[in-house]
Amino acid sequence: MMKTATPTLADVRPFAVETHSPTFRVLALRERGIHSIDLAEEEHCRLSIQEGSAWVTMEGCPDDFALTTDHPRAGFTGPGRLVIEALGGGVTVRISSENPV
């Protein structure tokens, strides 16, 4: 079985690269790159910054979040659209989600 390498910001051509596993995915975005995730009712999503920084907003949530390697984690629960925007030199983020039962 071939193993997929985790993307880095150097791999991003032109905007985003994703790798997947059964329990999480890794997303790399260049600066100002945007990715959105539609969360179903009671679906949980956890973001963990591996490199860089991101601005994160959740539909219906009054607060936005700046995630960095110093403050790398945040969790969100649907329903709603979660938007991740890469800041600075870009971002590599691990996305774990748990679907409702």
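User: Leaving aside neighbours within four places in sequence, which residues is Phe76 in contact with?

Analyst: This is a predicted model, in which local features need pLDDT of at least 70, side-chain atom pairs count only at pLDDT 80 or more, and totals for chains, interfaces and linings use all residues. Residues are numbered from 1 along each chain as its sequence is written, and side-chain values use heavy atoms, with hydrogens and water left out. Contact means heavy atoms within 4.5 Å. Once neighbours within four places in sequence are set aside, the contacts of Phe76 are Leu39, Glu43, His44, Cys45, Leu47, Val56, Met58, Phe65 and Leu82.

User: How many residues does the largest nonpolar core have?

Analyst: A nonpolar core is a set of buried Ala, Val, Leu, Ile, Met, Phe, Trp, Tyr and Cys residues joined through side-chain atoms within 4.5 Å; buried means under 20% relative accessible area, exposed over 50%, and partly exposed in between (1.4 Å probe, protein chains only). Phe76 is among the residues with the most contacts inside the largest core, which has 19 residues.

User: Which residue forms a salt bridge with Glu85?

Analyst: A salt bridge places a side-chain nitrogen of Lys or Arg within 4 Å of a carboxyl oxygen of Asp or Glu. The closest N and O atoms are 3.0 Å apart, and the partner is Arg32.

User: Which residue forms a salt bridge with Arg81?

Analyst: Arg81 is partly exposed, with a relative accessible area of 40%. The closest N and O atoms of the pair are 2.7 Å apart, and the partner is Asp38.
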